[in-house]
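Please keep the sequence and the coordinates at hand while reading.

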Number of protein chains: 2
Amino acid sequence: MMDMKIPRSVTIREVCPRDGFQSVKEFIPTEDKVKFIDTLAETGVSIMEVTSFVSPKAIPQMADAAEVMQEFNKKWKGKVESVVLIPNLRGAENALKTDPDWINFVLSASEAHNKANTRRTVEKSLEELRRVAAIKGDTKLCVSVATAFECPFDGAVDPEVVIKVLDAIFEIGVQGVTLADTIGTADPFEVTRTLSMVRGKYGDYPFYLHLHDTHGMAMVNTMAALHLGFNCFDSAAGGLGGCPFAPGAAGNAATEDLVNCLERMGVNTGVDLLKTISAARNMESYGLHVMSHLAASSIGRKDSSCCQG
Amino acid sequence: MMDMKIPRSVTIREVCPRDGFQSVKEFIPTEDKVKFIDTLAETGVSIMEVTSFVSPKAIPQMADAAEVMQEFNKKWKGKVESVVLIPNLRGAENALKTDPDWINFVLSASEAHNKANTRRTVEKSLEELRRVAAIKGDTKLCVSVATAFECPFDGAVDPEVVIKVLDAIFEIGVQGVTLADTIGTADPFEVTRTLSMVRGKYGDYPFYLHLHDTHGMAMVNTMAALHLGFNCFDSAAGGLGGCPFAPGAAGNAATEDLVNCLERMGVNTGVDLLKTISAARNMESYGLHVMSHLAASSIGRKDSSCCQG
């Protein structure tokens with residue numbers, strides 16, 4: 001029987017402005033980005049990944065990172081914690097100029113994905129992380145461990161490999177760690193196996209989980225993590241993000257679907273469901289590829305009607 | 001921690017031709033329906049809900065039920081068990097002429113939904129069920145208990161009410177019972193609560209679960225049921241069904257998403273994943289509103305490519 005004891009509250013880190021927007025090909029004008037971010041900040045989330053300081057050649061959508069952060073800080077500094085993604089030392093240097101609460105360094109547990117994503121070995125990424133840690137000052141440093149469960153090139157990732165990478169990260173010293181199912185193909189048993197080992201090794205360290213919904217398993221994997229006591233999750237309003245090359249290919253766990261399920265189970269998220277749905281629909285009407293169930297549902301619609309199937 | 005002991009095999013009852021097609025407004029020509037049904041029968045499912053014998057005024061899409069069954073029997077009789085939905089005695093009479101393996105009578109646990117759906121009290125529906133049981137002959141009789149967890153009018157349905165209805169059904173005598181989250185709004189804890197009571201009362205009776213995905217919880221609810229040992233599930237290829245008045249509003253649990261998740265966890269479904277994906281894509285290319293993750297994914301596509309998010 002499913003254990004009904006899960007955490008009574010969770011922290012949701014809204015990643016739509018980074019992971020969601022980066023998957024949108026057409027440039028979203030900075031003014032519009034800032035408006036979307038405002039609607040997301042108003043949902044009650046306590047922490048948000050606002051942008052990323054990456055090469056504008058690699059991801060043109062994020063070319064306005066500094067401006068977006070400037071606007072964010074004007075309104076939300078001290079109210080909603082900001083996270084910015086950085087792929088390397090240079091990204092960290094640029095990011096730190098904009099006074100984020102967190103910088104989020106990405107490396108992969110699997111060598112093949114780390115090489116594809118960063119053109120480095122994991123060892124070299126860890127060296128870069130050490131350099132980032134040395135210059136970060138008072139800014140908090142998170143490390144996102146991509147392919148913590150499944151790698152698009154190597155398949156299932158050995159939990160021992162994940163533990164080895166985590167050991168190295170903790171030895172360098174960071175303020176947060178994220179475990180990511182980057183391609184969204186892990187199943188609940190894989191997630192349970194790896195996270196059980198992680199719990200065994202690091203106790204109740206507040207890892208974030210970043211679970212993509214590519215194959216519709218984000219929610220079952222979230223449940224698996226909750227049953228092990230994990231209580232920090234990334235999600236994106238509207239389910240934006242990931243690999244939207246085909247209709248229906250959901251990206252991230254959708255914040256509104258996650259909030260709805262959790263709040264129904266009595267888990268406090270601190271996030272206003274209707275405001276999140278409204279923010280997602282707002283992005284949808286703008287033309288973004290919103291894929292959440294709740295945004296498409298009748299909730300909050302004046303003209304709602306439903307057949308009985 | 002999530003119990004990793006779940007059934008090693010499950011039965012999947014493919015309901016796309018009934019629950020999926022009935023939600024399609026434009027009439028699908030009989031010839032096309034039969035072709036889609038053939039592709040679904042070829043996936044390896046052992047049982048399929050093929051059509052329903054309802055008033056053609058109420059659901060014009062099902063006006064060709066007798067012809068569809070005739071074609072089904074020609075090819076699949078003895079290979080794939082057929083189920084046809086019936087709302088009443090008259091439907092049963094019409095259905096029985098077409099030699100189905102199962103007739104599937106629908107009533108609701110909640111009075112309000114039963115009235116809306118069948119214009120009868122639950123008591124009157126049970127009387128009608130008794131009349132159906134009296135004429136069914138050798139054909140197997142299943143009862144689908146709609147709103148077994150949540151009612152669109154009455155909210156959460158008291159498990160005691162469900163037990164009371166089940167007692168009455170078993171007293172009449174049937175060969176199968178389905179418990180349906182008709183509107184797809186139940187959460188895993190609700191499902192666990194009701195199903196625990198059902199298990200306590202009826203032991204390991206092989207109930208089917210019919211879990212809609214309206215709010216993206218079909219898979220977590222399936223997991224909750226699996227953890228209690230339930231191992232018979234309805235699903236629809238492509239996630240067709242339910243209430244598709246808005247893009248993204250998924251209907252049923254999608255067969256391919258369910259099969260993928262279960263098989264990854266080592267649960268045998270007997271269903272060929274690639275054939276199911278192919279069947280769903282085939283319906284999508286025809287214009288049907290396919291909403292599954294796997295149909296939209298890169299699996300089985302020659303031109304597959306994926307960004308690293």
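Which residues are buried in helix 11 of chain B? In this predicted model, the buried residues of that helix are L273(B), T276(B), I277(B), A279(B), A280(B), R281(B) and M283(B). They pack against helix 2 (30-41), helix 10 (255-264) and helix 12 (293-296) of chain B. Helix 11 of chain B covers residues 273-285, and its 13 residues reach 18 Å from the first C-alpha to the last, close to the 18 Å expected at 1.5 Å a residue. Just after this helix, G287(B) takes a positive phi of about 110°.

Helix 2 of chain B also packs with helix 3 (residues 65-76) of chain B, and the arrangement of the pair is set out below.

| Helix pair (chain B) | Quantity | Value |
|---|---|---|
| Helix 2 and helix 3 | Packing angle | about 35° |
| Helix 2 and helix 3 | Distance between axes | 10 Å |

The crossing of helix 2 of chain B past helix 3 of chain B is right-handed. On the side of helix 2 of chain B, the residues that meet helix 3 of chain B are T30(B), K33(B), V34(B), I37(B), D38(B) and A41(B), while helix 3 of chain B brings E67(B), V68(B), E71(B), F72(B), K75(B) and W76(B). The residues of this contact divide into six nonpolar, one polar and five charged.

In chain A, T222(A) lies in helix 9 (residues 218-227), and T222(A) counts as buried because 25 C-beta neighbours lie inside 10 Å. Apart from neighbours within four places in sequence, T222(A) is in contact with L211(A), F233(A), A253(A) and L258(A).

Technical notes. Residues numbered from 1 in each chain as written. Chains lettered and ligands numbered in written order. Predicted model: local features only at pLDDT ≥ 70, side-chain atom pairs only at ≥ 80, totals over all residues. Helix = DSSP H or I, 4+ residues; strand = E, 2+ residues; numbered from the N terminus. Buried ≥ 20, exposed ≤ 12 C-beta atoms within 10 Å, placed from the backbone. Contact = placed C-beta atoms within 7 Å. Expected span 1.5 Å × (residues − 1). Axes fitted to C-alpha atoms, helices over the stretch in contact; angles between N-to-C directions. Left-handed = near helix turned anticlockwise from the far one by under 90°. Nonpolar A, V, L, I, M, F, W, Y, C, P; charged D, E, K, R; others polar.
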